[in-house]
Amino acid sequence: VSTQCFFRVNLKVMSEISAGPGTVNFTINRELLAKTVLQQVWKDGSAYGAKSELFSAVPRQKAVIEFSSPNIAKKFHIGHLRSTIVGNFIANLKVALGHEVVRINYLGDWGMQFGLLGVGFQTFGNKEKLKSSPLQHLFEVYVQINKAAEDENTKKLAKDFFRKLEERDEQTLSIWKQFRDLSIEEYIQIYKRLGVHFDEYSGESFYQEKAQEVLKMLEDKGLLQKTIKGTGIVDLSEKKDLSTVSTVMRSDGTSLYITRDLAAAIDRMNKHSCDSMIYVTDKSQSNHFQHLFQILKLMGYDWAERCQHVSFGLVQGMKTRRGEVIFLEDVLNEVRSRMLQNMTSTKTTKEINDPVETAEKVGLAALIIQDFRGLLSSDYQFSWDRALQSRGDTGVFLQYTHARLHSLEQIHGNAELADVNVACLQEPDAISVLQHLLRYDEVLYRSSQDLQPKHIVSYLLTLSHLVAVAHRTLPVKGSAPEVSQARLCLFHAARSVLANGMKLLGITPVNQM
């Protein structure tokens with residue numbers, strides 16, 4: 001444990017400090033360590049760690065976080081899972097540390113593909129199927145119309161449909177709005193399963209007109225240049241030699257994805273006056289966000305410095321029993337099914353109130369921990385067997401540890417800290433748990449600095465391993481009343497911190513397994 005921890009808590013935690021050749025030796029006052037840590041965990045509860053003086057100099061700020069952002073009229077693609085869980089973690093962490101957060105889901109809800117989909121629905125659509133299973137039906141329609149998309153007449157019809165959409169034709173807009181509303185309804189059900197919510201559902205469609213205002217601003221500031229073909233570009237090169245440019249306008253004067261992103265950023269800053277704006281997308285979009293922030297800066301928006309792209313790598317090899325997976329719903333169903341199968345092989349499962357719900361929560365923990373163990377920017381190979389191990393460094397192990405500690409409290413009752421004699425917690429395994437609990441604020445601080453969940457994951461896995469050892473060597477049952485109460489108090493503190501950390505990661509701790 002770092003000396004910084006101990007000095008921060010109380011110098012008296014050291015009963016002796018002596019210098020040797022090239023070393024400084026610290027002797028811990030074990031009784032004071034136990035008393036200090038347990039009192040702090042008990043007093044702060046879910047805010048333990050976040051109230052540390054480490055954060056006293058950190059100003060409370062407002063952050064807008066854009067994450068998830070699926071394309072409407074398409075089933076929730078597995079590619080959006082990482083953005084969803086990473087964005088949710090960042091938002092959870094910031095809220096826990098006292099910051100204000102606005103969670104935005106910026107939907108892909110505009111563009112030529114809606115011309116194609118509109119024509120497809122007029123040709124192959126079924127209103128009954130649309131009501132009963134909207135995204136599945138729209139996906140089927142999209143596949144069918146794409147096969148016909150080579151036909152010149154289909155292309156013309158799609159262009160006409162999208163042109164009418166851009167011109168705000170009432171009937172066309174009504175079809176598009178139905179696709180959008182039904183998509184959001186279905187997405188909300190998926191987000192519910194993931195334990196994720198949003199403060200705003202935004203989308204490219206919101207910024208269609210405002211993007212034209214951005215083009216006018218770029219022109220007024222002398223930043224918009226036209227190519228021979230008539231497309232609009234912004235020169236981003238240092239020497240202004242057009243070696244790096246960003247295309248912001250088509251030759252017909254219509255906006256592009258980046259133009260709508262510029263309009264969205266300006267609108268959000270005007271609306272929310274936030275201290276930071278965070279975009280959570282895969283690393284293939286790094287260039288796009290670099291250009292976005294550069295253009296905002298050229299436009300004179302100094303707050304562009306406070307915009308940040310949190311990027312992540314790809315997940316490889318995610319397959320269900322039926323083969324290569326495309327949709328998130330299939331993965332969630334598969335992990336629940338596999339977890340339920342694993343659980344039914346243990347005798348305790350019969351006593352669980354709702355095994356399916358428990359399997360869902362444990363399965364989601366397995367997905368999240370496998371995803372969060374490494375650097376977000378790294379690609380990783382997904383493995384069902386590795387994710388669902390109950391004894392490895394997995395989400396299942398975290399859930400198992402939490403359920404086991406909860407069961408201990410159910411059997412023996414809750415110890416009251418006021419009645420506990422901390423002098424009973426002198427064993428090395430008890431001290432190891434206490435020292436680790438003391439470090440929690442440092443881990444929160446590290447994650448708050450680089451927005452990487454791996455620090456918290458590593459901390460919680462180590463805590464669970466230390467607790468597993470302590471559970472074996474420090475029995476509650478059969479010990480003297482004073483000793484068992486002190487140990488119960490220790491295990492309660494460990495469960496409390498474990499639950500706090502899991503919730504930050506987007507995991508709902510289970511009480512039975």
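This is a short chat about a predicted model of one protein.

Q: What kind of model is this, and how are residues numbered?
A: The model is predicted: local features need pLDDT of at least 70, side-chain atom pairs count only at pLDDT 80 or more, and totals for chains, interfaces and linings use all residues. Residues are numbered from 1 along each chain as its sequence is written, and side-chain values use heavy atoms, with hydrogens and water left out.

Q: How many helices and strands does the protein have?
A: The protein has 19 helices and 14 strands. Helices (H or I, at least four residues) and strands (E, at least two) are DSSP runs, numbered from the N terminus.

Q: What box do the C-alpha atoms fill?
A: Roughly 85 × 55 × 35 Å, taken along the principal axes.

Q: And how much of the protein is buried?
A: Of its 513 residues, 52% count as buried. Buried means under 20% relative accessible area, exposed means over 50%, and partly exposed is in between (1.4 Å probe, protein chains only).

Q: What share of the contacts comes from residues 24 or more positions apart?
A: 73% of the contacts with a separation of 6 or more. Contact means heavy atoms within 4.5 Å.

Q: Let's do helices. How do you describe two packed ones?
A: By the angle between their axes and the distance between the axes. Axes are lines fitted to C-alpha atoms, for helices over the stretch in contact, and angles run from 0 to 180 degrees between N-to-C directions.

Q: At what angle do H15 and H18 pack?
A: About 45°, with the axes 10 Å apart. H15 is residues 395-412 and H18 is residues 454-473. The two helices are therefore oblique to each other. Angles under 35 degrees count as roughly parallel, over 145 as roughly antiparallel, 65 to 115 as roughly perpendicular and the rest as oblique.

Q: Which residues meet there?
A: From H15, Phe397, Leu398, Thr401, Arg404, Leu405 and Leu408. From H18, Leu460, Leu461, Ser464, His465, Val467, Ala468 and His471. By class, the contact of H15 with H18 has eight nonpolar, four polar and one charged residues. Here Ala, Val, Leu, Ile, Met, Phe, Trp, Tyr, Cys and Pro count as nonpolar, Asp, Glu, Lys and Arg as charged, and the others, Gly among them, as polar.

Q: What about H9 and H10, where do their axes stand?
A: The axes of H9 (residues 208-220) and H10 (residues 257-272) come within 8 Å and cross at roughly 95°. That makes H9 roughly perpendicular to H10. H9 brings Gln208, Lys210, Ala211, Val214 and Leu215 to the contact. H10 brings Thr259, Arg260, Leu262, Ala263, Ile266 and Asp267. By class, this contact of H9 with H10 has six nonpolar, two polar and three charged residues.

Q: New topic. How many aromatic pairs are there?
A: A search of the whole structure finds 20. Rings of Phe, Tyr and Trp (its six-membered ring) pair if their centres lie within 6.5 Å; planes under 30 degrees apart count as stacked, over 60 as edge-to-face and the rest as tilted. One of the pairs is Phe67 and Phe198, with ring centres 4.7 Å apart and planes at 35°, so the pair is tilted.

Q: Where do Phe67 and Phe198 sit?
A: Phe67 is in the loop between strand S3 (62-66) and helix H3 (81-96). Phe198 is in the loop between helix H8 (170-194) and strand S5 (200-203), 131 residues apart from Phe67. Phe67 is buried at 0% relative accessible area, and Phe198 counts as buried at 11%.

Q: What about Phe76 and Tyr187, how do their rings sit?
A: Their centres are 5.7 Å apart and their planes are at 90°, so the pair is edge-to-face. Phe76 lies in the loop between S3 and H3 and Tyr187 in helix H8, so the pair ties together parts that are 111 residues apart in sequence. Ring pairs link Phe67, Phe76, Tyr187, Tyr191, Phe198 and Tyr201 into a cluster.

Q: Last one. Where is Val310, and what does Val310 touch?
A: Val310 is in strand S10 (residues 307-312). Not counting residues up to four places away in sequence, Val310 touches Val86, Ile90, Ile278, Tyr279, Val280, Thr281, Leu376 and Leu451. Val310 counts as buried, at 7% relative accessibility.
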